[in-house]
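Dear colleague,

Please find below the structure that I am handing over to you. My findings follow directly after it.

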Amino acid sequence: MRRVVMPAESWGGAASNVDQVLAGLVQSRAWLPTAFAVTERTRARALAKGSFGVVGADTTPGVLAARRRVQASATSLPLVQQTLRPGTALLVYAGGVGLAPTSLMVITRTTARGLTLAPLDSLGRDIVRWLALLESGEAAVGAGKRVAAAVLSTALRGLPREITRIVVVPQGPV
């Protein structure tokens, strides 16, 4: 992973929201690999924290070795593209907490593009309603269409015709 150091002022000050920074990186074709690396590193840290508790709390050799393996598992955009099967698109959602936009990376074997969507928090009520209707056996067409329009429609536009399989890497309510 390429390390990037930027002054906080360039992203709105020291208190700038990480999700805002990520949305800025995703919108730049040149910075998309960095945005992907940041999201993967964040997921690896969350996995380590969820699996092994607070980082540093348990320092036994086995836990430290497992923590290092999880942290090293974050991968790069080119590697992911190489391993995708033909006809597969990967939709990676990140951020979107509070008023920050949701970052979406649409990745295929040959292309990668970044988009920003409405904050995930703004979709929470529709997603909960849709899931409740699905679980109850009720028709969930209206809520489902709103969720699909907000979460999928932008991502599906512009996909190559040969894409027949979509893998979603969700975050938050997605």
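**Overall architecture**

The protein chain contains six helices and four strands. Please note that this is a predicted model. In sequence order, the elements of the protein chain run α-α-α-α-β-β-β-α-α-β.

The protein chain has 174 residues, of which 34% count as buried. Among the contacts in the protein chain with a separation of 6 or more, 60% are between residues 24 or more positions apart.

**Residue Q81**

Q81 lies in helix α4, which spans residues 77-83. Is Q81 buried or exposed? Its relative accessible area is 16%, and because the cut-off for buried is under 20%, Q81 counts as buried. Leaving aside residues up to four places away in sequence, Q81 is in contact with I107, T108, R109, T110, T111 and A112.

L156 belongs to helix α6, which covers residues 141-156. The relative accessibility of L156 is 37%. Since buried means under 20% and exposed means over 50%, L156 is classed as partly exposed.

With kind regards

Note on methods
Residues are numbered from 1 along each chain as its sequence is written. This is a predicted model: local features need pLDDT of at least 70, side-chain atom pairs count only at pLDDT 80 or more; totals for chains, interfaces and linings use all residues. Side-chain values use heavy atoms; hydrogens and water are left out. Helices (H or I, at least four residues) and strands (E, at least two) are DSSP runs, numbered from the N terminus. Buried means under 20% relative accessible area, exposed over 50%, partly exposed in between (1.4 Å probe, protein chains only). Contact means heavy atoms within 4.5 Å.
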